[in-house]
Amino acid sequence: MSSVVKDTHHDEHPSGIMRWITTTNHKDIGTLYLWFAMIMFFIGGLMALVIRSELFQPGLQFVDPQFFNSMTTMHALVMIFGVVMPAFTGLANWMIPIMVGGPDMALPRMNNWSFWIMPFAFSMLLSTLWMDGGAPAGGWTLYPPLSLQTGDAFPFLIFAIHFMGLSSIMGAINIVATILNMRAPGMTLMKMPLFVWTWLITAFLLIAVMPVLAGGVTMLLTDKYFGTSFFNAAGGGDPVMFQHIFWFFGHPEVYILILPSFGVVSAIIPTFARKPLFGYASMVYATASIAFLSFIVWAHHMFTVGMPLAGEVFFMFATMLIAVPTGVKVFNWVTTMWKGAMTFETPMLFAIGFIVMFTIGGFSGLMLAITPADFQYHDTYFVVAHFHYVLVPGSIFAIMAACYFWLPKWTGNMYPETLGKVHFWLSTFFVNLTFFPMHFVGLAGMPRRIPDYSLQFADYNMIASIGAFGFGFAQIIFLYIIIKTIKGGSKATDQVWEGAEGLEWTLPSPPPYHSFSTPPVIK
């Protein structure tokens, strides 16, 4: 046994750049994921600012319509696959082994590989900006026949998506293996912190739906280059079939982007309310039900394609049903805060901001679920407002909350609290300034993905564009805070949050068996 250990763990550890390239340490890989997400966040943000600059007033000012549509497509792909998913995977890598009491991730070398695929995938994707025929401009949904009009960039787009999916699947397998096999004695499933639970469920979703996307985009590739007619009506194919395949992936995907947020918020709220999480078991079951329901609601993205009435009714009611377990979660978070000894440090502010604004996104989602109403909202800015309320103050705010919450643990230093609060309030003000007016222009009929618009939408678009630039520049503060905290600052103690008794890093809710006089019962 000792010889095996000696062979696989060399005495001399590489340093400098080789440490990061060859690392199998879960904390190093978590850090790599988080920095990668941060870089892509600014790249995707610049793409959003191109979109908002063009929409600042009616008429064509800065970019031609083809490039405008390339920006909407690339912005979505970068933000979903390059920011939110890698950031949550980074948090999972850092925290899951610590939370379940494991020494590392179950498959450390695969962990390294699943990260290093990402920079290559996004280099391929971003390189399309300089290719003949321009970057992909068919929307992130890649609907044929529009997406097949892309020039030389098309195979790069498809292979980049394959690599992103490969990375996600490997990361998910690793997380499932870690949670199921690496738990410390006594750490039963129902004693795991909710962050671990949400990631376990998210990882199963990833493994289930990523191959569906891979199949769909491979069929697009063969339609374009190999003479097949999966989605080509002239050859007997059906373009609507692509929508079914895509959204069977795409709807669980939106829960992949939000479920880890629920885990983060469920760790933060009890800490700053100084109470155990209300309704732990119901939170676990609610998360699992959301994941299950996400598989049977995909066609609510397709109400306008002309499906049978029975199909529309089924997808409408199934979609509205998701509001129940989501409502359970919001109720439990609010009840946890009820009569708690609350303090409002930066992570708590982001968590409360998450609950309020995610709920707004949830209500507009309920509106979109209602089939006859959706005929009016479909492909307008109301839809854009809805999913940005779920994903920006939802996923992005949860990631920021997690960074503030765990930075003292990761670095040993305390972040500058006042600056963190400034970052929160600026972000909250500008995110609402950006996306709230979109509800109004959407209800008034402004279509999405169009670079020019009618004069009556001008004022709200101007406000939204100002908000977008404000939100973008506010994130420079976030970057500054992170670099400053890594470099130094006041030392974090083992009780970082005053009076929270170490609750924030270790205890799941409910607290595990802690009597030291008798050994715990291992189930």
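This is a predicted model: local features need pLDDT of at least 70, side-chain atom pairs count only at pLDDT 80 or more; totals for chains, interfaces and linings use all residues.
**Exercise 1.** Work out how helix 3 and helix 4 are oriented to each other.

*Solution.* Start by finding the two helices: helix 3 covers residues 26-54 and helix 4 covers residues 65-100. Next, look at the geometry: they pack at an angle of about 160°, and their axes are 7 Å apart. Angles over 145 degrees count as roughly antiparallel, so that's what helix 3 and helix 4 are. As for handedness, helix 3 and helix 4 cross in a left-handed way. Finally, check who takes part: the contact of helix 3 with helix 4 has 24 nonpolar, eleven polar and two charged residues.

**Exercise 2.** Do the like for helix 8 and helix 12, and say what kinds of residues make their contact.

*Solution.* Helix 12 spans residues 346-369, and helix 8 packs against it at about 130°, with the axes 9 Å apart. That angle makes helix 8 oblique to helix 12. Their crossing is left-handed. Now pick out the residues: helix 8 brings several, including Phe-262, Ile-269 and Phe-272, while helix 12 brings, among them, Met-348, Phe-354 and Phe-358. Sorting the contact residues of helix 8 with helix 12 gives 13 nonpolar, one polar and no charged.

**Exercise 3.** Decide whether Thr-271 is buried or exposed, then find what its side chain reaches.

*Solution.* Then take its relative accessibility, which is 1%. Buried means under 20%, so Thr-271 counts as buried. Last, follow the side chain of Thr-271: it reaches the backbone oxygen of Ala-267 at 2.9 Å.

Methods: Residues are numbered from 1 along each chain as its sequence is written. Side-chain values use heavy atoms; hydrogens and water are left out. Axes are lines fitted to C-alpha atoms, for helices over the stretch in contact, and angles run from 0 to 180 degrees between N-to-C directions. Helices (H or I, at least four residues) and strands (E, at least two) are DSSP runs, numbered from the N terminus. Angles under 35 degrees count as roughly parallel, over 145 as roughly antiparallel, 65 to 115 as roughly perpendicular and the rest as oblique. A crossing is left-handed if the near helix is turned anticlockwise from the far one by less than a right angle, and right-handed if clockwise. Ala, Val, Leu, Ile, Met, Phe, Trp, Tyr, Cys and Pro count as nonpolar, Asp, Glu, Lys and Arg as charged, and the others, Gly among them, as polar. Buried means under 20% relative accessible area, exposed over 50%, partly exposed in between (1.4 Å probe, protein chains only). A polar contact is a pair of N or O atoms within 3.5 Å; within protein, one must be able to donate a hydrogen and the other to accept it, and residues adjacent in sequence count only if both atoms are side-chain atoms. Contact means heavy atoms within 4.5 Å.
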